[in-house]
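Welcome! Let us walk through this structure together, one region after another.

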Amino acid sequence: MPDNGWPADRIDTENAHSARIYDYILGGKDYYPADKEAGEAMTREWPALPVHMRANRDFMNRAVRWLAEDAGVRQFLDIGTGIPTSPNLHEIAQAVDPGARVVYVDNDPIVLTLSQGLLASAPEGRTAYVEADFRDPAAILGAPELRETLDLSRPVALTVIAIVHFMLDADDAVGVVRRLLEPLPSGSYLAMTIGTAEFAPDEVGRVAREYAARDMPMRLRTLAEAHEFFDGLDLVAPGIVQVHKWHPDGGAQGIRDEDIAMYGAVARKP
């Protein structure tokens, strides 16, 4: 990592990390040998894993585009941003309206190290980065970077993509999401993807064991459990579905249900 004052010395390169495994499997370049080993082991257990991960990323792209184009949202709060991968969320939103504003949140030092790619906003808009843990909504909502970037009297889209399956029951993922939504005004939105083993239980179970063996235990959820995140919100059609089935485009053709282990949905706060 470059010696430019960013926290490269905080990065654990000896042990695999979920964001870097994701980057490796998606064909990125910001990973270490431990991440490559983990990604290859997981893909051996479930060869569809790259298809699944790309479908999750594609859902994020479509959901943000829909929120900007169809719902008219101009402010976004992205939790668990991960390693920058173009197009990043602000690039999608600002392609619709260059004045869109985005706050990225992550607690991974490597994401902060690479965050300059997340801050290249169009001049009409603005982006900011908050280093905070998803499990600490008060720290996120109270961050000066957020308050200086977003106007919480106007609708905000809260995006929580591919993160809650790393939150165990003790972390109260549903409660955390509700606390993040609480100060957002009527007309705000929640866009989420939620890991599940309902379509390929054996294969996904083996992948989960590979993660757990590397100190990354997972909590995969049923459709009924996924619905808990959206209680009190108005789901956008088609509701909670596998990510490749939400407003699909040509890229979803040929994807089998058993190759996708993620539910996705967008919902409006009344």
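In which strand does Gln242 lie? This glutamine belongs to strand 7, which covers residues 241–242. Please keep in mind from the start that you are looking at a predicted model.

Is Gln242 buried or exposed? Its relative accessibility is 2%, so Gln242 counts as buried. You can follow its side chain to two backbone oxygens: that of Asp257, at 2.7 Å, and that of Ile260, at 3.1 Å. If we set aside the neighbours within four places in sequence, the contacts of Gln242 are Phe199, Asp257, Ile260, Met262 and Tyr263.

Two residues from that list, Phe199 and Tyr263, lead us on to the aromatic rings. The structure has 6 aromatic pairs. Tyr31 counts as partly exposed because its relative accessibility is 29%, and the cut-off for buried is under 20%.

Phe199 and Tyr263 make another pair: their ring centres are 5.7 Å apart and their planes stand at 70°, so this pair is edge-to-face as well. Where do the partners Phe199 and Tyr263 sit along the chain? Phe199 is in the loop between strand 5 (189–195) and helix 9 (201–213), while Tyr263 is in strand 8 (residues 262–268), so the pair ties together parts that are 64 residues apart in sequence. Phe199 is partly exposed, at a relative accessible area of 30%, whereas Tyr263 is buried, at 5%. Elsewhere, Phe59, Trp66, Tyr189 and Trp246 come together in one aromatic cluster.

Now let us turn to the nonpolar interior. In soluble globular proteins, nonpolar side chains tend to be buried together. Here the largest nonpolar core has 38 residues, and the members that touch the most others are Leu77, Phe134, Val164 and Phe230. Several elements each supply at least two residues of this core, among them strand 1 (75–79), strand 2 (101–106), strand 3 (126–131) and helix 6 (137–141). Which helix gives the largest share of this core? That is helix 8, with 6 residues.

Beyond its neighbours within four places in sequence, Leu77 is in contact with residues including Val103, Val105, Ile140, Leu146 and Leu158. There is also a second, separate core of 36 residues, and Ala55, Ala93, Val102 and Ala191 are among its members.

Next comes helix 3, residues 49–69. Its 21 residues reach 30 Å from the first C-alpha to the last, close to the 30 Å expected at 1.5 Å a residue. Of these 21 residues, 16 are buried, so helix 3 is largely enclosed by the rest of the structure.

Another glutamine to visit is Gln94, found in helix 4 (residues 89–96). Gln94 is buried, with a relative accessible area of 9%. Leaving out neighbours within four places in sequence, its contacts are Ala100, Ser121, Ala122, Gly125, Arg126 and Thr127.

Finally, how confident is the prediction? The average pLDDT of the chain is 93, and 96% of the residues score at least 70. Over residues 1–7, however, the pLDDT is below 50, and this stretch has 10 contacts in the model beyond near neighbours in sequence. Where pLDDT is low, the predicted coordinates should not be read in detail.

Definitions and conventions
Residues are numbered from 1 along each chain as its sequence is written. This is a predicted model: local features need pLDDT of at least 70, side-chain atom pairs count only at pLDDT 80 or more; totals for chains, interfaces and linings use all residues. Side-chain values use heavy atoms; hydrogens and water are left out. Rings of Phe, Tyr and Trp (its six-membered ring) pair if their centres lie within 6.5 Å; planes under 30 degrees apart count as stacked, over 60 as edge-to-face and the rest as tilted. Buried means under 20% relative accessible area, exposed over 50%, partly exposed in between (1.4 Å probe, protein chains only). Helices (H or I, at least four residues) and strands (E, at least two) are DSSP runs, numbered from the N terminus. pLDDT is the predictor's confidence in each residue, from 0 to 100. Contact means heavy atoms within 4.5 Å. A nonpolar core is a set of buried Ala, Val, Leu, Ile, Met, Phe, Trp, Tyr and Cys residues joined through side-chain atoms within 4.5 Å. A polar contact is a pair of N or O atoms within 3.5 Å; within protein, one must be able to donate a hydrogen and the other to accept it, and residues adjacent in sequence count only if both atoms are side-chain atoms. The expected span of a helix is 1.5 Å times one less than its number of residues.
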